[in-house]
Amino acid sequence: MDESPPRPAAVPADAVWATISGEWQLGPTDAAGRRQGVLRGWRADGSLRSETTYHDGKEQGVARLFHPDGTVARELPYEAGQLHGTVVAYGSESARAEPMQSCCVPDNAWRMQLDYERGSCLGQRWYDRQGVHILPSGRPFPPRPAAVPAEAHFDEQADRWITGAYNEKAELHGPWLRWSRAGVLMERDEYQAGRPDGRWQRFLPDGALLEQSDFRAGKRSGAYRRTNLPAGIYSNSRVVEERGAFDGDQAVGEWTLHDQAGETLRRFSLGAALTPEGLAASPALAALPPGGGDRRDAGAWIALADQLDAEGRLGDAVLAAARAAAGARSADDLRLRLAGMQLPFTQKASAELALQLMKQADGQLPLLVNGIVRGGDAGQLLRAVASARPGADEISLDLVDAALLLDPSLHEARVTRALLQLHRGHPLAARVDAESLPADWQEQRDFLQGYARVLFPVFDFWPARQRIPALSGDVPERPEQELEAVRAVIQKYATRLDAIRAAIAGVVGAEGGHARPWMLPELSFLLPDGPVALEQWEFDEIVVDDDAPEAAPGGESDGGGRAGADGPGAAAEPQPTRVQVDETLPPLGAALPSLLRLARREWNALCWLCWSVGLDRVALPNALAPPSDFGQAAAMTVHHLWRCRDKLATNGLRALSQGVAGFDWEGMSIDAMPVVLAEIATLEYLDQRALFFWLCDSGVQSPWQDNLRGD
């Protein structure tokens with residue numbers, strides 16, 4: 001079908017309509033079908049739009065684009081099919097004028113120039129009607145100072161003249177220079193494949209050197225110098241210059257401080273760069289001081305700090321001194337040691353350096369420890385080291401204790417210590433730190449207290465605490481599973497929980513020969529013949545709609561119907577889906593919070609299973625006597641899971657817009673709950689919903705089917 005518009009009289013009879021470009025085209029081709037000579041294009045209204053010369057199928061020479069009034073809109077120089085030279089675009093007042101570019105044209109622009117070299121754009125310029133060079137904002141282009149090379153372009157946002165190159169991957173490569181508007185060199189950087197590599201320099205408006213650093217592979221490494229230091233950086237106001245060296249972003253070797261005349265005021269030896277492996281093997285981070293003995297033996301740690309200091313291992317020495325401070329409950333020796341070791345920054349500059357280093361380090365221990373030696377706030381950095389170390393052992397507790405001894409007002413350290421105590425199984429100690437936080441730290445206090453309740457619940461019969469709301473809609477009346485199946489699943493939960501309990505006991509041990517008061521109950525009474533087998537298998541299932549609890553609030557789907565392979569199905573020729581069942585536990589590591597979260601999920605599911613068959617405690621049932629509100633509990637579970645997921649996805653905005661009610665979990669409203677706790681609640685309700693899916697459908701073989709945990 002011919003989709004071309006009516007041919008205007010100005011368009012030659014043999015011109016062909018090109019749908020893609022939206023114009024009539026006419027131009028010769030050779031025997032091979034390649035374009036040769038001039039190709040012309042006309043708009044649908046008959047006005048000439050373009051003229052392009054081709055040689056052997058490639059653009060060659062100057063192509064032109066015209067405005068509807070016939071004036072030139074753009075000139076494009078080609079060489080062998082590539083733009084090469086200066087593209088010039090012209091403005092026009094005619095109706096339907098060709099735009100100079102698709103967007104971002106200054107209001108007063110009348111001409112645009114683009115410089116190309118073999119298809120690559122090197123720069124862009126704008127001019128107004130009077131031919132005045134203008135910036136993208138439309139303001140006059142500043143005159144180019146004599147010191148600025150011709151190839152430099154002016155970046156209006158940075159207010160800098162800039163020159164530099166990219167490699168074939170469009171990464172910064174080689175030297176990049178930036179001048180002020182007045183032509184003073186302000187910055188000179190060197191890059192390799194997008195990363196700092198070589199010498200970086202910063203200059204003052206009068207051209208004097210401000211800072212000079214060497215980089216290797218993106219990290220500050222080599223000589224360093226900073227001059228013209230403002231007042232307030234060093235405690236000695238005479239210091240105006242510092243010189244030193246870096247190795248992998250760590251301050252190392254000799255550092256010197258100088259006055260205005262260049263005279264050396266002080267010298268410091270910061271030692272060699274630290275490594276992750278070296279810190280991991282450091283005696284300062286051992287469980288006990290050298291030779292064993294008491295972890296709280298401050299004298300032994302001080303002796304180790306002196307030894308490490310003499311060996312030039314200053315970072316290790318600081319850590320050993322921090323361990324001594326924790327043991328002695330006094331930071332006097334640590335303060336004295338830091339005063340003779342650190343660069344003497346003011347308190348404000350030291351705190352700012354610590355914050356900068358914590359952000360830069362992103363948990364890398366060598367940078368944090370080196371930052372203490374360099375002069376960063378020792379309390380903040382010791383707290384960061386304690387937080388970044390793997391695990392939550394007594395070593396980290398010593399470091400954060402030392403941080404608080406250095407600065408009792410360091411509330412961040414109290415939060416860190418509370419988290420360490422929770423992860424070590426000491427909720428009461430964590431509560432003491434949480435309650436000691438000031439009034440303006442209420443959010444952190446609430447989180448710590450809520451997190452403690454979640455990790456260390458009372459393992460009683462949880463359904464008894466739950467108010468089950470009356471929700472509208474169809475709900476199942478009773479479980480469909482047989483008594484034998486229910487008893488078998490209860491024993492599988494008991495087997496899983498006993499394994500988790502043993503893993504927790506292995507992590508935290510016992511205190512004074514007694515189990516922790518928050519420990520999971522022992523469930524051997526559910527396993528008279530010992531632990532049962534936890535199995536894995538697969539089967540084919542046909543998924544159909546049924547009456548299992550699956551409708552989320554507002555009519556949103558929150559889980560497909562489940563039926564066994566021989567269950568009812570309405571679809572013609574239904575295709576089976578492979579279902580995997582895995583009753584085994586995931587690997588039980590040594591992280592106590594992960595074990596406690598898993599314990600919650602398992603205990604919660606076990607309690608609701610026992611409740612669903614009529615029990616008021618965890619036990620093996622002898623009959624099925626489901627409570628009257630069984631169906632409402634199933635619907636509540638789906639509702640709560642939907643609400644948890646909405647909290648994570650939209651922060652509750654979707655529920656708010658649909659008028660879906662919230663609920664409380666562990667004394668916290670779902671809407672006010674921190675994300676990390678909402679994630680724990682979500683997984684708990686996901687397991688609970690899988691249990692109800694199994695209970696409500698005799699075709700479901702196990703609560704641990706993988707298809708019960710999707711959307």
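## Charges over rings

In this predicted model, Arg111 lies over the face of Tyr127, at 4.2 Å from the ring centre.

## Aromatic pairs

The count of aromatic pairs comes to 20. One of them joins Phe459 and Trp603: the ring centres are 5.8 Å apart and the planes stand at 85°, so the pair is edge-to-face. This pair links distant parts of the chain, since Phe459 lies in the loop between α11 (442-455) and α12 (483-508), while Trp603 belongs to helix α13 (residues 592-612), 144 residues apart. Phe459 is buried, with a relative accessible area of 12%. Trp603 is buried as well, with a relative accessible area of 3%.

The rings of Trp608 and Trp611 have centres 5.1 Å apart and planes at 75°, so this pair is also edge-to-face. Both residues lie in helix α13, 3 residues apart, which is about one turn of the helix. Trp608 and Trp611 are both buried. Together with Phe630 and Phe692, Trp608 and Trp611 form one aromatic cluster.

The geometry of the two pairs is set out below.

| Pair | Distance between ring centres | Angle between planes |
|---|---|---|
| Phe459 and Trp603 | 5.8 Å | 85° |
| Trp608 and Trp611 | 5.1 Å | 75° |

## Cysteines

How many disulfides does the structure hold? The structure holds 0 disulfides. Cys610 is in no disulfide, and the nearest cysteine sulfur, that of Cys607, is 6.9 Å away. Cys610 has 0% relative accessibility and counts as buried. Cys696 is likewise in no disulfide; the nearest cysteine sulfur to Cys696 is that of Cys610, 16 Å away. Cys696 is buried, with a relative accessible area of 8%.

## A buried strand residue

Is Val579 buried or exposed? Val579, located in strand β25 (residues 577-582), is buried, with a relative accessible area of 0%. The C-alpha atom of Val579 is separated by 53 Å from that of Gln250, and the two residues are 329 residues apart along the chain.

## Pocket and cavity

The largest pocket has a volume of about 850 Å³. Its lining consists of 27 residues, of which Leu122, Gly123, Gln124, Glu151 and His153 lie nearest the centre of the pocket. The elements that give two or more residues to this lining are β11 (120-127), β12 (133-134), β13 (153-155) and β14 (160-166). Strand β11 gives the most, with 7 residues. By class, the lining of the largest pocket has 14 nonpolar, 7 polar and 6 charged residues.

The structure holds 1 cavity of 30 Å³ or more, and the largest cavity has a volume of about 30 Å³. The residues that line the largest cavity are Pro230, Ala231, Gly232, Ile233, Tyr234, Asn236, Ser237 and Val239. By class, this lining has 5 nonpolar, 3 polar and no charged residues. The lining of the largest pocket, by contrast, includes 6 charged residues.

Notes. Residues are numbered from 1 along each chain as its sequence is written. This is a predicted model: local features need pLDDT of at least 70, side-chain atom pairs count only at pLDDT 80 or more; totals for chains, interfaces and linings use all residues. Side-chain values use heavy atoms; hydrogens and water are left out. On a 1 Å grid over the protein atoms alone, a cavity is a set of points where a 1.4 Å probe fits but cannot get out, and a pocket is an open set with protein on both sides within 12 Å along at least five of seven lines; lining residues have an atom within 4 Å of a point. Grid points are joined across faces, edges and corners, and a volume is the space filled by probe spheres set on the points. Ala, Val, Leu, Ile, Met, Phe, Trp, Tyr, Cys and Pro count as nonpolar, Asp, Glu, Lys and Arg as charged, and the others, Gly among them, as polar. Rings of Phe, Tyr and Trp (its six-membered ring) pair if their centres lie within 6.5 Å; planes under 30 degrees apart count as stacked, over 60 as edge-to-face and the rest as tilted. Helices (H or I, at least four residues) and strands (E, at least two) are DSSP runs, numbered from the N terminus. Buried means under 20% relative accessible area, exposed over 50%, partly exposed in between (1.4 Å probe, protein chains only). A charge sits over a ring if NZ of Lys or CZ of Arg is within 6 Å of the ring centre and within 35 degrees of the ring normal. A disulfide is a pair of cysteine sulfur atoms within 2.5 Å.
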